[in-house]
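Please walk through this structure, taking its domains, the interface between them and a few single residues in turn.

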Amino acid sequence: MSVRALVVDPSAPAAVRLADVPEPVAAAHQVLVDVSQASLNHGDLNDARSGRVPPGAVLGSDAAGVVVQAAADGTGPAVGTRVVALTSGAFAERVAIGVDELAEVPEKLDLARAVGLPVAGVAALRSLRAAGLAPDKRVLITGASGGVGRFAVQLAARAGAHVIASVGSAARGAGLREAGADEVLVGLEGLRQPVDIVVDSVGGPQMVAAWNLLAPGGSLQSVGWTSGEPAVLPPYATVGPARSLTSFVIDSPAGADLATLAALAAEGALTVDIGWQGSWDRFPEAAEALHGRRVPGKAVLEVSRV
Ligand SMILES: NC(=O)c1ccc[n+]([C@@H]2O[C@H](COP(=O)([O-])OP(=O)(O)OC[C@H]3O[C@@H](n4cnc5c(N)ncnc54)[C@H](OP(=O)(O)O)[C@@H]3O)[C@@H](O)[C@H]2O)c1
């Protein structure tokens with residue numbers, strides 16, 4: 001038996017094509033999920049093109065759907081439960097998922113919104129946590145118009161921080177004040193006062209400028225590098241009162257954090273902005289829109305069955 005999936009193919013448009021792959025077999029601690037929605041992350045585009053996910057392997061990390069087989073070890077959700085997960089090889093009709101990689105989706109939250117939470121939401125939540133988010137902090141979010149950025153703005157604002165959202169153009173700043181940003185800036189123009197926390201997903205010269213704005217004791221979390229540009233620190237930029245630049249990666253199962261995010265989204269305390277939505281047949285179009293900075297928020301792929 002086989003299922004359809006989006007697999008890496010360097011010769012295909014956006015380096016991805018639909019293909020038949022063997023139906024997954026669940027290990028004892030895994031459930032089988034019939035996936036109805038998936039969400040595309042910037043990292044997926046990098047994974048497909050860089051070889052990090054090898055040719056022929058299933059792409060993707062964010063999936064939502066319904067459990068069709070419970071875990072053999074008796075843990076995790078029952079058959080019929082709606083779940084959202086952060087797992088590798090997410091872009092398939094059916095996926096085997098570890099019970100610690102998923103969360104139940106509350107009734108009030110639809111799967112198309114839930115599926116926007118995993119990679120982007122967990123990165124925002126964990127990077128802010130690692131940086132010591134607290135009510136009195138000044139928090140700078142770069143790439144604030146994107147998936148990680150929109151969640152980071154909302155979570156920092158919810159914690160009572162002063163939130164500065166940096167975007168690439170005035171148009172890309174739309175909706176960020178409503179999301180909780182106290183200031184919305186194009187680049188870092190006009191920002192003079194120091195900040196305590198930076199969640200940076202842009203890298204390059206903007207990361208250097210953000211580092212130069214970091215207050216003593218501050219923390220810059222290097223979450224991503226969408227600019228693709230090198231960062232060149234001027235001499236002595238790292239000499240002085242202690243501040244940290246920390247590399248960031250999601251390196252442990254995300255189920256518990258996903259449950260937190262899903263609960264917030266269900267009660268309306270966290271908005272999942274869907275900036276692109278369509279069948280996974282249209283993957284190249286979604287990839288082009290995300291790469292071209294035309295997706296405000298998340299790109300959601302619908303898993304259409306034939
Ligand atoms: N370390 C981890 O565990 C982890 C987890 C999640 C994401 N990430 C990384 O974090 C970064 C952001 O991810 P995301 O899902 O939020 O991406 P996204 O939705 O595509 O948003 C990225 C944002 O970066 C900004 N940007 C600035 N310069 C850009 C350029 N040259 N090309 C494209 N975008 C540019 C864009 O904002 P403007 O259009 O306003 O300029 C865009 O909104 C990516 O590098 C991703 O791989 C890492």
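Predicted model: local features only at pLDDT ≥ 70, side-chain atom pairs only at ≥ 80, totals over all residues.

Residues are numbered from 1 along each chain as its sequence is written, and side-chain values use heavy atoms, with hydrogens and water left out.

The domain assignment divides the protein into domain 1 (2–116 + 272–302) and domain 2 (120–247); such bounds come from an automatic or database domain assignment. Between the C-alpha centres of domain 1 and domain 2 the distance is 28 Å. Twelve residues from domain 1 and ten residues from domain 2 make up the contact, where contact means heavy atoms within 4.5 Å.

The size of an interface is often given as the accessible area lost when the parts come together. Here, about 760 Å² is buried between domain 1 and domain 2, and carbon and sulfur atoms give 53% of that area. Buried area is the accessible area (1.4 Å probe) that two parts lose on being put together, summed over both. On the side of domain 1, the residues that lose the most area to domain 2 are Asp-273, Arg-293 and Gly-297, together 39% of what that side buries.

One salt bridge is counted between domain 1 and domain 2. A salt bridge joins the side chains of Arg-150 and Asp-273, at 3.4 Å from N to O; the term requires a side-chain nitrogen of Lys or Arg within 4 Å of a carboxyl oxygen of Asp or Glu. Four residue pairs are in polar contact across the interface, both residues at pLDDT 80 or more. A polar contact is a pair of N or O atoms within 3.5 Å; within protein, one must be able to donate a hydrogen and the other to accept it, and residues adjacent in sequence count only if both atoms are side-chain atoms.

Ser-127 lies in helix α3 (residues 118–130), helices being DSSP runs of H or I with at least four residues, numbered from the N terminus. Ser-127 counts as buried because its relative accessibility is 0%, and buried means under 20% relative accessible area (1.4 Å probe, protein chains only). Its side chain reaches the backbone oxygen of Ala-124 at 3.2 Å. Leaving aside residues up to four places away in sequence, Ser-127 touches Val-199, Gln-221, Val-223 and Phe-248.

The C-alpha atoms of Ala-26 and Leu-261 are separated by 26 Å, and the two residues are 235 residues apart along the chain.

Terms used: Helix = DSSP H or I, 4+ residues; strand = E, 2+ residues; numbered from the N terminus. Buried < 20%, exposed > 50% of the residue type's maximum accessible area, 1.4 Å probe, protein only.
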